[in-house]
Amino acid sequence: MTALSRAAPAPPLPAELERCSPADRIRKTATLFHTSPLLLDCGRPLSDVRVAYHTYGEAQGDATLVLHALTGDSAVHEWWPDFLGAGRPLDPTQDFIICANVLGGCAGTDGPAALGDIPISLRDMARVGRALLEHLGVRRVRIIGASMGGLLAYAWLLECPDLVSRAVVIGAPVRHSPWAVGLNSAARAAIRAAPGGEGLKVARQIAMLSYRSPQSLAQTQTGQRRPGVHAVTSYLEYQGEKLLARFCERSYVTLTGAMDGFEPNDAELASIHVPVLAVGISSDVLYPAAEVRAGAAALPNATYWELDSIHGHDAFLMDAGELPGRVGAFLRGGTAEG
């Protein structure tokens, strides 16, 4: 065979794709509640609910369930490379890992386009997740969620305590403060004032300021990228455009409303007896570390650990530091102590 006829070597896969098999990278769908409808907290019954999800690793009766953030999706291999892969907290060579797109979102699971603009609760999302686990033959789960996924983890602990063996909650309180509700209210007002996309871009800009910290922006967004335009202004404009290209404003309204409406009382929190690792982030201005710590203190069997980072709420994505090691040890039955 001559050099001209020899096949060129295949280009290397991106690092995030090397961490899972080709089959794991395919989004799957299931239709649930055929015979018995899901009764939403708002009182509406739903039948034949379509759920989109990813799985990683070989199917087992015991699994790790990942709960994604507000504008996230079920493709964990694309957005959490520090956590997914051999030897990482989410290890497809050892465990069965599941992540589903939430009810009310816009990534394949039924959302406002299919359901209309009806109220959805985090507890509704947990009930849909339970039905998906039954469909997959899963009887027991470890759960891990960050941001909205962390709030949803608390809903799982209240709705499905018989299924959950332990839970990791990263950068999330047990309920929203007036500060967090106010930020979401402003975002929804922007969407109502400018429907069709412009409002969603502004909502994202509001959110991005709460996802970072003053120190983080001072380090990464100084100067100008365009003449006469501050770098932080260009950054926020870019983030707004990027979200508009992939997300639905109606889902943004639905999901932020679900987060704001989740208000477990102290007696409910005291009923959660499974081990919980609650992780605060030192510079988080959206969900301050003290708030996350106080929520953990309301649980009978919770451990609190704090990630030290200047990058605010989004540090769990961009500056994980010791977090993967701590979480991995806890998910495998240990503690988060260093």
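## Cores, sheet and a covered helix

Tyr252 touches Leu70, Thr71, Ala187, Ile191, Leu200, Ala203, Ala207, Leu243 and Phe247, leaving aside residues up to four places away in sequence; contact means heavy atoms within 4.5 Å. The structure is a predicted model, in which local features need pLDDT of at least 70, side-chain atom pairs count only at pLDDT 80 or more, and totals for chains, interfaces and linings use all residues. Residues are numbered from 1 along each chain as its sequence is written, and side-chain values use heavy atoms, with hydrogens and water left out.

Tyr252 also belongs to the largest nonpolar core, which has 76 residues; Leu103, Met125, Ile143, Trp156 and Leu157 join Tyr252 as those with the most contacts inside this core. A nonpolar core is a set of buried Ala, Val, Leu, Ile, Met, Phe, Trp, Tyr and Cys residues joined through side-chain atoms within 4.5 Å. Buried means under 20% relative accessible area, exposed over 50%, and partly exposed in between, with a 1.4 Å probe and protein chains only. Helix 5 (residues 148-159) supplies the largest share of this core, 9 residues; helices (H or I, at least four residues) and strands (E, at least two) are DSSP runs numbered from the N terminus. Domain 1 (20-177 + 263-331) and domain 2 (178-256) both contribute residues, so the core lies between them; the domain bounds come from an automatic or database domain assignment. Another core, of 25 residues, lies apart from it and includes Ile97, Val168, Leu323 and Val327.

Val168 also has a place in a sheet: this residue of strand 8 stands opposite Ile144. Strand 7 and strand 8 pair in the parallel sense over 6 bridges, where pairing requires at least two DSSP bridges between two strands. An open sheet of 8 strands has the order 1-4-6-5-7-8-11-12, with mixed pairing. Its edge strands, strand 1 and strand 12, each pair on one side only.

| Strand | Residues |
|---|---|
| Strand 1 | residues 28-32 |
| Strand 7 | residues 140-146 |
| Strand 8 | residues 164-170 |
| Strand 12 | residues 302-307 |

Leu323 and Val327, named above in the core of 25 residues, are also among the buried residues of helix 14. Helix 14 (residues 323-331) is mostly covered, with 7 of its 9 residues buried. The cover of these buried residues includes strand 7, strand 8, strand 11, strand 12 and helix 13 (315-318). Just after helix 14, Gly333 takes a positive phi of about 100 degrees.
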